[in-house]
Amino acid sequence: MDDVKGSLSIQNVTLIYGKGEKQVLALDGISFDVRSNEFTVIVGPSGCGKSSLLYIAAGLTDASSGSILASGRPVDEPGADRGMVFQSYTLFPWLTVRKNVEYGLRRKTMPQAEREKIVDYYLTEIGLSGFADHYPKQLSGGMMQRVAIARALANDPDILLMDEPFGALDSQTRHSMQKLLLRVWEHSHKTVAFVTHDIDEAILLGDRVIVMTARPGKVKADIRIDIPRPRTPDVELESEFIALKRRILNELRDEIDEDH
Ligand code: ADP
Ligand code: MG
């Protein structure tokens, strides 16, 4: 049963926002399983419930029915076993880069020397050792997201939940972040559930791409990405990549067309 640790099981999750006339069915009986160490990417039309699904997995929102199991246990609150990285910058502005990364570790009983070792390791991983004593406002958007990733990883979660983490970055920064995440993931092989709008990003990063239907969100397609790793953005030029891109775009286009 050692595969259970780090697995994520979405079981018939329905989510209704609001009450009475104003009810919105956001997710309609969505089910899928993410295996331990698998990098799963979720794409779907805007408003289809991608963020809502990650929030439920994080324990920040309750499902109206159904459940999510993280490492086999039903999620009912946030926990250190699940790390979140959001699109918007969620660093503590009053803490330095080092203190931001260390934040999650503070709540554990861990000797200071060991804490510092972990923080230093992740600051090096994200290429920001030289910025340890800077404050978030002194950093670019890409640097802030690197710190947010380091903060999530330093806590050694079993599962990383990433909601369009590079969505607010310019395309050049975004590409360097994708490379960085690929490299970091090669070292850690966490289970990842990653939401993106960007199909190239989905194929480049994922072992698998789940395409959601327009609201209410369900699974529309579940596509395996069998491109060998380690990957670099050069794979985007290969025919296998282009064929996958066409397939995912077609699935998505159906959903967007049905909206109009
Ligand atoms: P996505 O991340 O795929 O764009 P969301 O999960 O943010 O989608 O939202 C799914 C649907 O639920 C959208 O139609 C959105 O307007 C609606 N929604 C999200 N949050 C709330 C809320 N707090 N109250 C009411 N409706 C909401
Ligand atoms: Mg969203």
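Surface patches are made of residues with over 30% relative accessible area and no salt bridge, with like charges joined within 9 Å. In this predicted model, one such patch is negative. Four residues form the patch: Asp226, Asp234, Glu238 and Glu240. Glu240 belongs to helix α7, which spans residues 239-258. The relative accessibility of Glu240 is 36%, so this residue counts as partly exposed.

A charged residue in another helix has a buried setting. Arg151 is part of helix α4, residues 141-154. Arg151 is buried, yet no salt bridge is found for this residue. A salt bridge requires a side-chain nitrogen of Lys or Arg within 4 Å of a carboxyl oxygen of Asp or Glu. Neighbours of Arg151 within four places in sequence were set aside in listing its contacts. The remaining contacts of Arg151 are Thr90, Leu91, Phe92, Asn100 and Val101.

Ser9 was examined next. This residue sits in strand β1, which covers residues 8-17. Ser9 has a relative accessibility of 11% and therefore counts as buried. Between the C-alpha atoms of Ser9 and Met143 the separation is 32 Å. Along the chain, Ser9 and Met143 are 134 residues apart.

How values were computed: Residues are numbered from 1 along each chain as its sequence is written. Chains are lettered from A and ligands numbered from 1 in the order in which they are written. This is a predicted model: local features need pLDDT of at least 70, side-chain atom pairs count only at pLDDT 80 or more; totals for chains, interfaces and linings use all residues. Side-chain values use heavy atoms; hydrogens and water are left out. Patches are made of residues with over 30% relative accessible area and no salt bridge: like charges are joined within 9 Å, nonpolar side chains (Val, Leu, Ile, Met, Phe, Trp, Tyr) within 5 Å. Accessible areas come from the Shrake-Rupley method with a 1.4 Å probe; for residues, only the protein chains shown count as cover. Lys and Arg count as positive and Asp and Glu as negative; His and the chain ends are not counted. The place of a charge is taken as NZ of Lys, CZ of Arg, CG of Asp or CD of Glu. Helices (H or I, at least four residues) and strands (E, at least two) are DSSP runs, numbered from the N terminus. Buried means under 20% relative accessible area, exposed over 50%, partly exposed in between (1.4 Å probe, protein chains only). Contact means heavy atoms within 4.5 Å.
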